[in-house]
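Here is a brief report on pockets and model confidence.

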Amino acid sequence: MKKSILLFAASGLLLTACQNFKKAEGGLEYKIAKDAGAEKAVSGDLLSVDMVVKTDRDSLLNSTFDAGIPQIVQLYPDSIIKQNPGDPTGLFKLVGEGDSLVFKIDLDSVAAKTQQPKPAFADKYIIYTIKVQKHFKKGKLTDQQLGEQVTKYFEAETAKLKGAEAGKVEAFLKNNKLAPKKTASGLQYVVTKAGSGKNAAVGDTVVVNYIGRLTNDKVFDTNQADLAKKHNKFNPQRPYEPLRLHLGVDGVITGWTEAFQLLNKGSKATLVIPSVLAYGERPAGEIPPYSPLIFDVEVLDIIPGKAPAAAPTTIPATTTPATPVKK
């Protein structure tokens, strides 16, 4: 009898949760998860929001919390919103600073409208959970004045990331019980498997496997197919093979150019690269500004070469440290 009562209660909770969602124009389903009582946004306003995007299988697709920087949403006039029924932008007029909003995108409806196949990573819905962090009110402000407010806000948010970098590195080393060596530049590294022979030098070609992650262990890149699949980073159009890096010639982050000169053939290492030797204040794909990067690398081979006459090229604006080159 108790089991039946519990099952009935659980069913009631699920039914209530479903009823909490309301229907908006275009078939969107939404609910206000929190109403902080603040003034709601209107056309012309901007909202700084944190956003978590999941599938109905509870798989995480995207999160601004991982990026470390909120996202700006612009509220368009009603005349534009009405031209695109089902566009969730109109829902942001229901919230203000401190409010939370949840809405679901019906993938069957999207597939019918776009005549494109439904993605395989979800059953029916993609679910967005939104938290409004800052409300920028247009009012009588010019676009330039409103833009200046947003710029100052993001400068402050970026400064927070810069200030937090040292703490992220310290926490990562402590949690993983690492005692790395540290170079004068700030690069830290732990050799987890000793190799043999001479270390690589500028002008040599190093052949390596790698996986790159943030200090929260979120993987952003790897050249190994099995690891890419494991961490939901697999791209079937990308060649997964050992990376051939012409040291000091190919454009890579400074931390890589330095680190591989500390390693020899057959060695494995964990690299802890400060943002000053990586992408610095620039976001790069899934890498937020002022992000220290963690790489587990293995040097498969070192092919001797000559040092280039010119200085090493600058790094490209990409999350990939270097471009794989087929043998």
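The lining of the second largest pocket comprises 6 nonpolar, 3 polar and 4 charged residues. Nonpolar means Ala, Val, Leu, Ile, Met, Phe, Trp, Tyr, Cys and Pro; charged means Asp, Glu, Lys and Arg; the others, Gly among them, are polar. This is a predicted model: local features need pLDDT of at least 70, side-chain atom pairs count only at pLDDT 80 or more, and totals for chains, interfaces and linings use all residues. Residues are numbered from 1 along each chain as its sequence is written, and side-chain values use heavy atoms, without hydrogens and water.

| Pocket | Volume | Lining classes |
|---|---|---|
| Largest | about 420 Å³ | 6 nonpolar, 7 polar, 5 charged |

A pocket is an open set of points on a 1 Å grid over the protein atoms alone where a 1.4 Å probe fits, with protein on both sides within 12 Å along at least five of seven lines; lining residues have an atom within 4 Å of a point.

The largest pocket has 18 lining residues; Leu61, Asn62, Lys218, Lys233 and Glu286 lie nearest its centre. Strand β4 (60–63) and helix α2 (64–67) each give two or more residues to this lining. β4 gives the most, with 4 residues.

The protein chain averages a pLDDT (the predictor's confidence in each residue, from 0 to 100) of 87, and 88% of the residues score at least 70. Residues 1–18 have pLDDT below 50 and 0 contacts (heavy atoms within 4.5 Å) beyond near neighbours in sequence. Where pLDDT is low, predicted coordinates should not be read in detail.

Terms used. Grid points are joined across faces, edges and corners, and a volume is the space filled by probe spheres set on the points.
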